[in-house]
Amino acid sequence: MKKKEILDNIEEGVIEFYLNSSVEDIFAMAIEEGVEPDGTANKRDKLAKRLKFLAQARLNTEKDRSLLERAERIRSNLIEKYIGKPISELKTLLQIKGLQVQHRNIDKLDEASIRDILKDIDHIQLIEKLEDETYREK
Amino acid sequence: MESIYATKQEIQEHLLQVDLHKIIFKLERYAHNRINGMNLSVKAIDVVSDILLSIQEDYEGRLWNKTKYPKFERFLFEAVRSHISNSYDKHKNRQEAETGHLYSYQPASYQMEVLDEIDLQSAKKEALACVAELGGDAEEECILECWFDGITKPQEIAEFLGVPVEVIYNATKRLNRKVPQIQKRLNCYHL
């Protein structure tokens, strides 16, 4: 048998003891050994708060990034879809998307302007929709 | 195919799910005992802080192998163990370079010496003799024998020995203090 295996087993026994023991028991054990565990309580508390804060912040960043990527993909697909469509169809699309409020005179818009408007689909609106979807999925 | 390593996102999610106050306290106590056993001059809370913050970073630092350590808490203990072991190796190499003397005490270091073949029964006998010399009792000896045989969880040891688990916890507390000496003895032990 390898010596390493034996040493690993002993270490495993020690780790399992710490993992499964109650905090109160480990605290009492430290006192018995002449250590005052409360001496570092403030540092432990600060570390826990910092880790929670950073974990939440990084998860939010990741979520926002993922939503932006999805929104960008959808937007690119839409742009692809609009290329080559006749102007009458593009006007209908604008109306379907509810953008006629801002652009009442759709009939006066030329093809290039309609394409621009469609390209400017509001990312925030899209992200809100995606967030709603994600929420419903959960 | 799914990676055996957790993503940073999974790590963040686990950090939000676990009772951080509890796990930080346990990791600190474990690190304190390991550091004391190796005579290192670092503070346990600083080691734990460095490790927990580093596993959270985006860069490829310490990875969580989910196949080897399915439980997140167990992975954290392994990260602390490995970090202290590496610090000890560096400390030892520095000392050797300065003094020209070889260190004989290598608790959890995976140097060549630790990779030696060893007879299980002889090693067990040596370790039990060490426990007895340090004033250990029969309960501690039984637990150490279980560890040698790969039975390491307190509940499993209790079931195997047919005693309440509280007995195991109490005896392991006493045995825990002797572990650095036992490891030292086994490291120096050769067939």
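Buried residues are those with under 20% relative accessible area, exposed residues have over 50%, and partly exposed residues fall in between (1.4 Å probe, protein chains only). By this scale Glu12(A), with 22% relative accessibility, counts as partly exposed.

The structure is a predicted model, in which local features need pLDDT of at least 70 and side-chain atom pairs count only at pLDDT 80 or more, while totals for chains, interfaces and linings use all residues. Residues are numbered from 1 along each chain as its sequence is written, chains are lettered from A and ligands numbered from 1 in the order in which they are written, and side-chain values use heavy atoms, with hydrogens and water left out.

**Confidence and overall composition**

The predictor's confidence in each residue is given as pLDDT, from 0 to 100. Chain A has a mean pLDDT of 79, with 65% of its residues at 70 or more. Where pLDDT is low, the predicted coordinates should not be read in detail.

Secondary structure is taken from DSSP runs numbered from the N terminus, with helices (H or I) of at least four residues and strands (E) of at least two. Chain A contains six helices and zero strands, and chain B contains eight helices and zero strands. Of the 138 residues in chain A, 31% are buried; of the 191 residues in chain B, 50% are buried.

Contact here means heavy atoms within 4.5 Å. In chain A, 51% of the contacts with a separation of 6 or more are made by residues 24 or more positions apart. In chain B, 65% of the contacts between residues at least 6 apart in sequence join residues at least 24 apart. Accessible areas come from the Shrake-Rupley method with a 1.4 Å probe, and for residues only the protein chains shown count as cover. Chain A has an accessible surface of about 8700 Å², 51% of it belonging to carbon and sulfur atoms, and chain B exposes about 9500 Å², 52% of it supplied by carbon and sulfur atoms.

**The nonpolar core**

A nonpolar core is a set of buried Ala, Val, Leu, Ile, Met, Phe, Trp, Tyr and Cys residues joined through side-chain atoms within 4.5 Å. The largest such core holds 67 residues, and those touching the most other members are Ile10(A), Ile24(B), Phe72(B), Leu144(B), Trp147(B), Ile182(B) and Leu186(B). Helix 2 (residues 20-38) of chain B supplies the largest share of this core, nine residues. Beyond its neighbours within four places in sequence, Ile182(B) is in contact with Ile10(A), Ala127(B), Cys130(B), Val131(B), Leu144(B) and Leu175(B).

Ile35(B) lies in helix 2 of chain B and is buried, at 3% relative accessibility. Its contacts beyond four places in sequence are Leu40(B), Val42(B), Lys43(B), Ala44(B), Val47(B) and Ile84(B). Ile35(B) and Pro180(B) are 145 residues apart in sequence, yet their C-alpha atoms are 9.9 Å apart in space.

In the loop between helix 2 and helix 3 (44-56) of chain B is Asn39(B), whose phi is near 55°, a positive value in a residue other than glycine. Asn39(B) is exposed, with a relative accessible area of 61%.

**Salt bridges**

A salt bridge is a side-chain nitrogen of Lys or Arg within 4 Å of a carboxyl oxygen of Asp or Glu. The whole structure has 23 salt bridges over all chains. Three of them are listed below.

| Pair | N to O distance |
|---|---|
| Arg74(B) and Glu12(A) | 2.6 Å |
| Asp137(B) and Arg174(B) | 2.8 Å |
| Arg174(B) and Glu139(B) | 2.9 Å |

The salt bridge of Arg74(B) and Glu12(A) crosses between chains, from helix 4 (residues 72-99) of chain B to helix 1 of chain A. Arg74(B) is buried, at 9% relative accessibility.

The salt bridge of Asp137(B) and Arg174(B) links the loop between helix 5 (120-133) and helix 6 (138-148) of chain B to helix 8 (residues 165-188) of chain B, the two residues being 37 apart. Asp137(B) is partly exposed at 28%, and Arg174(B) is partly exposed at 25%. Arg174(B) also pairs with Glu139(B), which lies in helix 6 of chain B, 35 residues away. A network of salt bridges links Asp137(B), Glu139(B), Glu140(B), Arg174(B) and Lys178(B).
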